[in-house]
Amino acid sequence: MTSLDIDSAVDAAVRDLENRTLANIRGELTRLVYLSSTRDYNTGEYQHEGLAQRFGAEAAQRALARCHETAFHDLLYTSLAGLVGQLETYIESTGSERDKVLNSWRQLQAYRVLIPGTCDPLSADFFVTNVKLALEVLGSGALAHPGN
Amino acid sequence: MINLILIILIALSLLVLLLLAARRGAGESPKLNTALPEDSDYRVRLPQRALLDRCLSPEDVEFVAVLKARPVFRLFLQERRRLTLCWLRQTRRESARLYSLHVRSVRHAAGLRPAAEAKLFGAVGLFIIVYALMVSTVWLYGPFRARRFLHSLQFLAGLLSDLGVRIANSISPAPLPQPHLGSR
């Protein structure tokens, strides 16, 4: 496969992933959690069987990496209020008890695995800080009675 | 009276920072690498200006202030101050790296242009002053003490970023590659 072929295969795989999978996931943070869950923590490589079968393993890998970076970038530049909203949507989508999810995220810092491998340390630090703050906002209960 | 004390404090901090920078420069000069720089060394890794703008966003300050949750607000201010200082330090480190890279390259250059060198040296000097000013003000006031201060900080950040890019452009032998994240 030439580099031009692989590039167009990656573009097609990205479109497919966006239209078929990501469009059905509610919330940017939920999409980011999904995309990072397709990454093997040992090798750092993305795996998606359906996508690999249709477009080839390399195109699928690059498409997932690109979508992951885009989703992360969008969330990185979201306002703190927006991030708090995203976190609420994500917690709702898990169907678990809100306090349990909040405590688990605070203790285990699961949000660290959401950062793409290509991210620079300062952006990663900024993202982690914002998620920590969003967790504190939700945990403090201040959002239910702002200004009280 | 308070203003005078603040001005003296800022001036003193600037002086200390300049002395530290000069001492560090003098201490590092004997260790300078004399080998020719590699192409990958020319890759500019200045932190994104947009990241600092997001970090200092008044929208976030208002959101956290409205909550009236003291510990959250304290954590917010503390983290924003830390991140702002990290951004500044990284910008300074990268600009210093680029300048020392330029000095290494110039050693092997046949046609040295004194006017261009003087211009670049001026930009580096101005960069150090703006950097020291920003670090001092963030230390003294914190990043969000007043909206007016925030605007001046953002103006200085713009100046610092532009100077960093000017230094990078002065030394780069080829069009600069764009950083992968945060530049879109």
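Start by selecting α7(A), where L122(A), S123(A), F126(A), F127(A), N130(A), V131(A), L133(A), A134(A), L135(A), E136(A), V137(A) and L138(A) are buried. Buried here means that 20 or more other C-beta atoms lie within 10 Å of a residue's own; exposed means 12 or fewer, partly exposed is in between, and the C-beta atoms are placed from the backbone. Helices (H or I, at least four residues) and strands (E, at least two) are DSSP runs, numbered from the N terminus.

Before you click further, note that this is a predicted model, in which local features need pLDDT of at least 70 and side-chain atom pairs count only at pLDDT 80 or more, while totals for chains, interfaces and linings use all residues. Residues are numbered from 1 along each chain as its sequence is written, and chains are lettered from A and ligands numbered from 1 in the order in which they are written.

**Stay on α7(A)**

Now show what surrounds the helix. Its buried residues pack against α4 (57–76), α5 (80–94) and α6 (98–108) of chain A, together with α2, α3 and α4 of chain B. Contact means that the C-beta atoms of two residues, placed from the backbone, lie within 7 Å. Just after α7(A), pick G141(A), which takes a positive phi of about 75°.

Two residues are worth a click in the loop between α6 and α7 of chain A. Q109(A) is in that loop, and its phi is near 50°, a positive value in a residue other than glycine. Q109(A) counts as partly exposed, because it has 13 C-beta neighbours inside 10 Å. R112(A) lies in this loop too, and is exposed, with 12 other C-beta atoms within 10 Å. Draw a line from R112(A) to A124(A): they are twelve residues apart along the chain, and their C-alpha atoms are separated by 8.4 Å.

**Zoom out to chain A**

Chain A has seven helices and zero strands. Its C-alpha atoms fill a box of roughly 60 × 30 × 25 Å, taken along the principal axes. Of its 148 residues, 36% are buried. Among its contacts between residues at least 6 apart in sequence, 74% join residues at least 24 apart.

Next, select α2(A) (residues 28–37) and α5(A). How do they cross? Their axes come within 7 Å and cross at roughly 60°, which makes α2(A) oblique to α5(A). The axes are lines fitted to C-alpha atoms, for helices over the stretch in contact, with angles running from 0 to 180 degrees between N-to-C directions. Angles under 35 degrees count as roughly parallel, over 145 as roughly antiparallel, 65 to 115 as roughly perpendicular and the rest as oblique.

Show side chains there: E28(A), L29(A), T30(A) and V33(A) from α2(A) meet Q86(A), L87(A), T89(A), Y90(A) and S93(A) from α5(A). They divide into four nonpolar, four polar and one charged. Ala, Val, Leu, Ile, Met, Phe, Trp, Tyr, Cys and Pro count as nonpolar, Asp, Glu, Lys and Arg as charged, and the others, Gly among them, as polar.

**Cross over to chain B**

Chain B has six helices and zero strands, and 23% of its 184 residues count as buried. Colour the side that faces its partner: 26 residues of chain B are in contact with 23 residues of chain A. On chain B, α2 (49–55), α3 (58–67) and α4 (70–107) each supply at least two residues to that side. The most come from α4(B), with eight. By class, this side of chain B has 16 nonpolar, four polar and six charged residues.

Between α3 and α4 of chain B, stop at K68(B) in the loop. Its phi is near 55°, a positive value in a residue other than glycine, and K68(B) is partly exposed, with 14 other C-beta atoms within 10 Å.

**Last stop: the core**

Which residues have the most contacts inside the largest nonpolar core? They are A13(A), A63(A), F72(A), A134(A), F127(B) and Y131(B), in a core of 67 residues. Its largest share, ten residues, comes from α4(A). Such a core is a set of buried Ala, Val, Leu, Ile, Met, Phe, Trp, Tyr and Cys residues joined through C-beta atoms within 7 Å. Finish on F127(B), which touches S95(B), L160(B), L163(B), G164(B) and I167(B), not counting residues up to four places away in sequence.
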